[in-house]
Amino acid sequence: KYLMTLLLTLQLHALSDNQSKNLRTAFKLGKQIHASNGFTFEKTLCAIMLQESSAGIQIIGDKYKNGRLKNLYHSSLGVFQIKLSTARYVIKKSKYLRKHFVHLLKDDKMLVNLLLTSTEFSTIVAANYLIMNYEIALKRGYENPYHSAISRYNGGWINSTYKSNIFERMEYIKKLRIF
């Protein structure tokens with residue numbers, strides 16, 4: 001754990017202009033996208049972006065299966081490492097996204113391109129996914145819907161390791177003072 005913290009600290013103190021820009025974009029858009037109770041996820045989105053892609057350094061994840069390169073369409077994509085199936089699900093379920101991006105449900109190439117190249121689009125999808133999970137957790141009466149939504153972002157309603165990593169990154173984000 002010490003080595004991981006040290007590496008993260010070195011990485012954060014040496015953010016490129018592009019990484020800082022990506023984080024500021026996620027923060028700005030995250031403040032504008034609200035759950036039904038007004039809750040926003042701007043800091044959480046920044047922490048997830050750091051966890052998933054180092055704020056844009058690694059924009060293709062889950063590249064290999066059994067040592068072989070997977071098709072791009074089955075990888076996790078963009079600054080938030082979103083799978084196509086997840087992006088499609090969020091577009092279908094979000095009224096806002098369905099209204100503006102329904103055409104992407106039939107155009108995988110364009111959807112892949114947007115996930116890989118548009119921090120804004122990826123942030124909107126990620127924020128809506130977090131909000132969907134948060135709303136589900138609220139309806140189900142989970143003890144801490146916020147924690148459940150974070151865990152669910154990376155597999156399962158209870159993912160303590162992932163949630164812990166996100167909170168750790170949120171602490172580092174506070175120290176960055178880029179917002």
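Modeller: The expected span of a helix is 1.5 Å times one less than its number of residues, where helices (H or I, at least four residues) and strands (E, at least two) are DSSP runs numbered from the N terminus. This is a predicted model, in which local features need pLDDT of at least 70 and side-chain atom pairs count only at pLDDT 80 or more, while totals for chains, interfaces and linings use all residues. Residues are numbered from 1 along each chain as its sequence is written, and side-chain values use heavy atoms, with hydrogens and water left out.

Colleague: What distance does helix H9 reach from its first C-alpha to its last?

Modeller: Helix H9 covers residues 160-176, which is 17 residues, and at 1.5 Å a residue the expected value is 24 Å.

Colleague: Which residue just after H9 takes a positive phi?

Modeller: Within H9 itself, the buried residues (under 20% relative accessible area, with exposed meaning over 50% and partly exposed in between, for a 1.4 Å probe and protein chains only) include Tyr162, Arg169 and Leu176. Just after this helix, a positive phi of about 55° is taken by Arg177.

Colleague: Are H2 and H7 parallel, perpendicular or oblique to each other?

Modeller: With axes taken as lines fitted to C-alpha atoms, for helices over the stretch in contact, and angles running from 0 to 180 degrees between N-to-C directions, H2 (residues 17-32) and H7 (residues 119-140) come within 9 Å and cross at roughly 45°. Angles under 35 degrees count as roughly parallel, over 145 as roughly antiparallel, 65 to 115 as roughly perpendicular and the rest as oblique. The two helices H2 and H7 are therefore oblique.

Colleague: Which residues in H7 do Asn22, Thr25, Ala26 and Leu29 in H2 meet?

Modeller: Contact means heavy atoms within 4.5 Å. On that basis, Asn22, Thr25, Ala26 and Leu29 in H2 meet, on the H7 side, Thr119, Glu120, Thr123 and Ile124.

Colleague: Why does Thr119 count as buried?

Modeller: Thr119 belongs to helix H7, and, leaving aside its neighbours within four places in sequence, Thr119 is in contact with Asn22, Thr25, Met49 and Val79. Thr119 counts as buried because its relative accessibility is 11%.

Colleague: What is the relative accessible area of Ala55?

Modeller: Ala55 lies in the loop between H3 and E1, and its phi is near 60°, a positive value in a residue other than glycine. Ser54 is also found in the loop between helix H3 (42-53) and strand E1 (60-61), with a positive phi near 55°. Ala55 is buried, and its relative accessible area is 0%.
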